[in-house]
Amino acid sequence: MEVRKISFSGKMLERGFWLYAWRITCGPALCVYVGRTGDSSSPNAASPFARMGQHLDFRDNAKGNAMMRNLRGKGVDPVDCEFEQTAVGPIFPEQAAMEEHQPYRDLNAAMEMALANELKGRGYDVLGQHASRKKLDETLFKQVMALFEDSFPPLK
C-alpha cells in the first residue's frame, strides 16, 4: 500500500482543440505519445483531462485508448510507468456544428503529425502512427512548438 498524488490545473478541463504529448518512462526506457483533441466523427473537442482516462482505459473493449494499446504492443505494462502530460491549448474553441468543426480539426491534425515528426527528429521514441494530408499552418505550428520546447528538448 502506497500513497500516490496527482495535481493539475483546472484549465486542463477546458474543451477545445488541444495538442498534447505524454512523456512515458518505464525504468530506463523513455517513449512519447502525441495526440490531439477534436473528433473526426463528431463536432466534439474534449479537454486533455478527459482524454487521460480514455487513453489509460485497460478494458479489452475500450475505445480511444491508442496510447494503452501502443504501450502493450511494446510489451510495456503501464502500471510500471511514470506519465507526464504536456498539453497546449485550447488552440481553437470547440465548435457547435460539424461544418465549423472540420477546418479546425484538420489544422490540428496537421499539427499533431508535425509535432510527432519534430519529436522523432529530436531523438524521442514516438508511439503510434501520425498521418495527415491536411496543410500545416507553419506559423501557428511554430508558436505551438515553442510551448513544447521546455518539456521536450532535443535528446541528440
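Two strands count as paired if DSSP finds at least two bridges between them, and strands (E, at least two residues) and helices (H or I, at least four) are DSSP runs numbered from the N terminus. With that in hand, here is a quick tour: β1 and β3 pair in the antiparallel sense over eight bridges. This is a predicted model, in which local features need pLDDT of at least 70 and side-chain atom pairs count only at pLDDT 80 or more, while totals for chains, interfaces and linings use all residues. Residues are numbered from 1 along each chain as its sequence is written, and side-chain values use heavy atoms, with hydrogens and water left out.

**The sheet and its helices**

- Three strands make an open, antiparallel sheet in the order β2-β1-β3.
- β2 (29-36) and β3 are the edge strands, each pairing on one side only.
- Ignoring direction, neighbouring strands in this sheet are turned by 15 degrees against each other on average; axes are lines fitted to C-alpha atoms, for helices over the stretch in contact, and angles run from 0 to 180 degrees between N-to-C directions.
- Ile 24 has Phe 83 in β3 as its bridge partner.
- Helix α4 (residues 138-148) packs on the sheet and touches β1 and β3, its direction making about 150 degrees with that of β3; contact means heavy atoms within 4.5 Å.
- Helix α1 (residues 48-55) lies across β1, β2 and β3, and runs at about 45 degrees to β1.

**The cysteines**

- One disulfide (a pair of cysteine sulfur atoms within 2.5 Å) turns up in a search of the whole structure.
- The bond joins Cys 26 to Cys 81, with an S to S distance of 1.9 Å.
- Cys 26 sits in strand β1 (residues 17-26) and Cys 81 in the loop between α2 (66-73) and β3 (82-92), so the link ties together parts 55 residues apart in sequence.
- Cys 26 is buried at 17% relative accessibility, and Cys 81 is buried at 8%; buried means under 20% relative accessible area, exposed over 50% and partly exposed in between (1.4 Å probe, protein chains only).
- Cys 31 is in no disulfide, and the nearest cysteine sulfur, that of Cys 26, is 6.1 Å away.
- Cys 31 is also buried, at 7% relative accessibility.

**Aromatic pairs**

- Seven aromatic pairs are found across the whole structure; rings of Phe, Tyr and Trp (its six-membered ring) pair if their centres lie within 6.5 Å, with planes under 30 degrees apart counted as stacked, over 60 as edge-to-face and the rest as tilted.
- The ring centres of Phe 148 and Phe 152 are 6.5 Å apart and their planes are at 50 degrees, so this pair is tilted.
- Phe 148 and Phe 152 are both buried.
- One aromatic cluster is formed by Phe 17, Phe 92 and Tyr 104.
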